[in-house]
Structures are given as structure tokens and as C-alpha cells.
Amino acid sequence: MYLVASGSMPQTKVHQLLGPSFSPSRVLSTSGNAHYKAWKFTGLLPWAALVFTAGYIMREIGAYHYGNVDIFISSICLVYAAPPFCELANYIILGRILYYVPYHSPIHPGRVLTTFGAISGIVEALNGNGASYSSNADLPESKQQMGRNLLKAALVIQLGIITSFVMLAVYFHRRCYKANLLPDNLKAILYTLYASSALIMVRTIYRTVEYFSVAAIQFRPGLDPMSISPIIRYEWFFWVFEALIMITNSVLLNFRHPARFLPSSNKVFLAEDGVTEVMGPGYADKRNFLFTIFDPFDLIGLIRGRDKKTRYWEGQEESNP
């Protein structure tokens, strides 16, 4: 069961290290949020580390109890559920970057979270249900197949989301570069965001290839195990492209904590001189909530000229203490 659904028989000595590896990250994330008072900003980081820790602990327990379906399903669901929380944290980080330089933002900063977060919520639901159905051998084959299809859809959508997210960040970066407005703190947080997104992308590509390889297996009497893809047969793929990648991402966001580079309030923005930080009224969007979902770029407002009325950064002179 483990060989097919999670890649290979788990190696107990390795998994004894994986769960504890995320514990220091959880502690550092919690202390970092407390130090920078950034719970609303990066509060998902310790939560993601907690879910990872629980997932690898369950996987370690499952290594000693191969026949326990409940433990197996729990480990699969937790390990699959944690990375989307890391993605969600990145959406919040990009939103805060756009709040910091609102005049070069291609989208209302708050819409980054609602738009990408709403899609990620769908992915999380697909991940959870797909992992649960596909890993439960007691369910009818039709239910298991439905679970496999849900996981395929979730992984493909996840790749599309990450690509779109990075393109949005790069577009914003390019606008700042053209305006010669890239102070050190802004460059640092953008490069950190790119690195985190790249790590999550590598992990998602691995999971996509792995799962499509699993789905391609034709189970029949006399199946030669050596005919199965190496990405499934050898667990080192999992250690490197899942565990190590996500531990690296966690370490990255702890040692380059986003709150080091951005103000704690999203009302503080960078003046167009690229040096002065100004306390503004905040970037409000008074449109109906449904309009913000279906028109996150406020194209209607752009056509009507409504965006000119919300440029609060023009004429602001009160610097942030």
C-alpha cells in the first residue's frame, strides 16, 4: 500500500528526522511573528510547520503499522495539505508588498489574497478529498478513481496558480525597475518570494510527475515491480523533492522573515522618492465583494477613471515615525 500510494516503503530512520526537523521552524516562526508583531502578516508559517510535523510523525508511525489504513490516510492527507498553506503565506506576502508600493501595483493588494486564496481553497478541498478517497483501499474502485482524478486536477491547478502568481510578482517588479524604485528592502523581499515560489514549484512538479506515474500503473497478476517508474520505487525522490524542499522553504522564510523588510502596518507605504515611508489611509476597495472576486484588477474602474480617486499616495507628506 505504501509502495504505490506514497512512493515506497518509508524508511524509519529517515522519518525519525523529518518530523523533528520542522519543529525548530515552528518555534522560529512563532518567535519571529511575536518579535515583529506580524501575526496577521506571516501567521500561517508556524501553522504550516505544525501540519508538516504532524504529517511526518504520522508517516513515521505508519512505517511500523503498514496495515493501519487510518494512520496511512492521515499521513497522506497531512503531507499533501501543508504546502498549500505555504503558498497562501506567499500570497499574503505579495499583497503586503503591493500595499507598500501601491502606485505600481497592477491589482488591488487585498485582491491577491482573495483571488489566489479562493482558488487555493478549491485546491485544498481537492487535495484533501482526493488523498482520502484514493488512499482508502476499502472504498469501491469508482471512488478511488474519483480520488485519483481529484488529485490530478489539484496538482495541475496548483501549477497554474504558482505560474500566474510569479508572473504577477515579476510584472510588479518590472514596473518598479522601470521607475527606478527598488530600495534594498523591496529587492530583498521580492527575491525571497521568488526563491520560496521556486521551491514550491519544484515540489509541485515532482508531486505531479509522481502521481501521474502512479495513475499509469496497470495492476495485474505478475506485475513486474521493476516496470514501475523509479520516482515511485525509490523514496529518496520523496526525501529530496518533498521533505528537503519544504524544509528549505521553511528555513528560508525564517531567516529572511518578510517582516524584516516591510512595515508592520499595511497603511505604511513607500513614497515615490523611494526613501520616505508614509502613513496613509490604506488602500480601500468599496466595491461589492462579488465585483472584487470577478474583477480583481478593477478594469471597470480603470475605464471609468475611478482609480484616480483612490490614489491616496499623491500629495502625502506625513512620514512614518
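**Close-up views of a predicted model**

View 1. The number of disulfides comes to zero, the criterion being a pair of cysteine sulfur atoms within 2.5 Å.

**View 2. Contact of helix α5 with helix α6.** Two packed helices are described by the angle between their axes and by the distance between those axes. Here helix α5 spans residues 69-100 and helix α6 spans residues 109-134; their axes come within 9 Å and cross at roughly 175°. Angles over 145 degrees count as roughly antiparallel, and α5 and α6 are therefore roughly antiparallel to each other. The contact of α5 with α6 is made up of 18 nonpolar residues, seven polar residues and one charged residue.

**View 3. Aromatic pair of Tyr91 and Phe116.** Ten aromatic pairs are found in the structure. One of them joins Tyr91 and Phe116, with 5.3 Å from centre to centre and 35° between the planes, a tilted arrangement. Tyr91 lies in helix α5 and Phe116 in helix α6; with 25 residues separating them, the pair links distant parts of the chain. Both Tyr91 and Phe116 are buried.

**View 4. Aromatic cluster of Tyr206, Trp236, Phe237 and Phe241.** Ring pairs connect Tyr206, Trp236, Phe237 and Phe241 into a cluster.

Methods
Residues numbered from 1 in each chain as written. Predicted model: local features only at pLDDT ≥ 70, side-chain atom pairs only at ≥ 80, totals over all residues. Heavy atoms only, no water. Axes fitted to C-alpha atoms, helices over the stretch in contact; angles between N-to-C directions. Helix = DSSP H or I, 4+ residues; strand = E, 2+ residues; numbered from the N terminus. Parallel < 35°, antiparallel > 145°, perpendicular 65-115°, else oblique. Nonpolar A, V, L, I, M, F, W, Y, C, P; charged D, E, K, R; others polar. Phe/Tyr/Trp six-rings, centres within 6.5 Å; stacked < 30°, edge-to-face > 60°. Buried < 20%, exposed > 50% of the residue type's maximum accessible area, 1.4 Å probe, protein only.
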